[in-house]
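Here are my notes on the model, as numbered points. Please read them with the structure open.

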Amino acid sequence: MPPEPTARIVTVKGRVQGVSYRAWARRHAEAHGLVGWVRNEPDGSVSALVQGPPDAVEAMIDAMRSGPPAARVDRLTALPGAVTEATGFEITG
């Protein structure tokens, strides 16, 4: 039986807007069977809801610590989130 899905709310700060971070996150999440969303925030950070098998969620969070080549991640926080009915991984803002 597959593990119960888990969800994490991730906030990434640094040079993460204008460097294709959201598109990178979407491609990475979809490649690993994750669902949720990613968006730019007014303060220059990027937020995401990452949901799926616990191991895949943790691997995504680890990858988000670096992001795409042009990004510079200064700080990443990941808090527990509520599992949703999401069926894909969307760029929402």
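1. Start with Y21. Its relative accessible area is 1%, so Y21 is buried. Here buried means under 20% relative accessible area, exposed means over 50%, and partly exposed is in between (1.4 Å probe, protein chains only). W24 has 14% relative accessibility, so W24 is buried too. This is a predicted model: local features need pLDDT of at least 70, side-chain atom pairs count only at pLDDT 80 or more, and totals for chains, interfaces and linings use all residues. Residues are numbered from 1 along each chain as its sequence is written, and side-chain values use heavy atoms, with hydrogens and water left out.

2. How many aromatic pairs are there? The count is one. The ring centres of Y21 and W24 are 5.4 Å apart and their planes are at 55 degrees, so the pair is tilted. The rule covers rings of Phe, Tyr and Trp (its six-membered ring) with centres within 6.5 Å; planes under 30 degrees apart are stacked, over 60 edge-to-face, and the rest tilted. Both residues sit in helix 1 (residues 21-31), three residues apart, about one turn of the helix. Helices (H or I, at least four residues) and strands (E, at least two) are DSSP runs, numbered from the N terminus. An α-helix has 3.6 residues a turn, so residues three or four places apart point the same way.

3. Now the rest of helix 1. Its buried residues are Y21, W24, A25 and A29. Seen down the axis, they fall within an arc of 125 degrees, so they line one face of helix 1. The arc is that of the directions from the helix axis to the C-beta atoms. On the other side of helix 1, R27 and A31 are exposed. The buried residues pack against strand 1, strand 2, strand 3, helix 2, strand 4 and strand 5. Contact means heavy atoms within 4.5 Å.

4. Check the backbone at both ends of this helix. S20 lies in the loop between strand 1 and helix 1. S20 has a positive phi of about 65 degrees although it is not a glycine. G33 follows helix 1, and its phi is positive, near 70 degrees.

5. Helix 2 (residues 54-64) has A56, V57, M60, I61, A63 and M64 buried. Their arc, seen down the axis, is within 160 degrees, so these residues line one face of helix 2. They pack against strand 1 (6-15), helix 1, strand 3 and strand 4 (72-80).

6. Which residues touch the most other members of the largest nonpolar core? Of its 22 residues, they are V10, V12, Y21, L34, V50, M60 and M64. Strand 1, helix 1, strand 3 and helix 2 each give two or more residues to this core. Helix 2 gives the largest share, six residues. A nonpolar core is a set of buried Ala, Val, Leu, Ile, Met, Phe, Trp, Tyr and Cys residues joined through side-chain atoms within 4.5 Å.

7. Next, the strands. Strand 2 (residues 35-40) and strand 3 (residues 46-52) pair antiparallel over six bridges. Two strands pair if DSSP finds at least two bridges between them. R39 stands opposite S47 in strand 3. Strands 2 and 3 form a hairpin with five residues between them, and G44 in the turn has a positive phi of about 95 degrees. Strand 2 also pairs with strand 5 (residues 89-91), in the parallel sense over three bridges. There, W37 stands opposite E90.

8. Last, look at R8 in strand 1.
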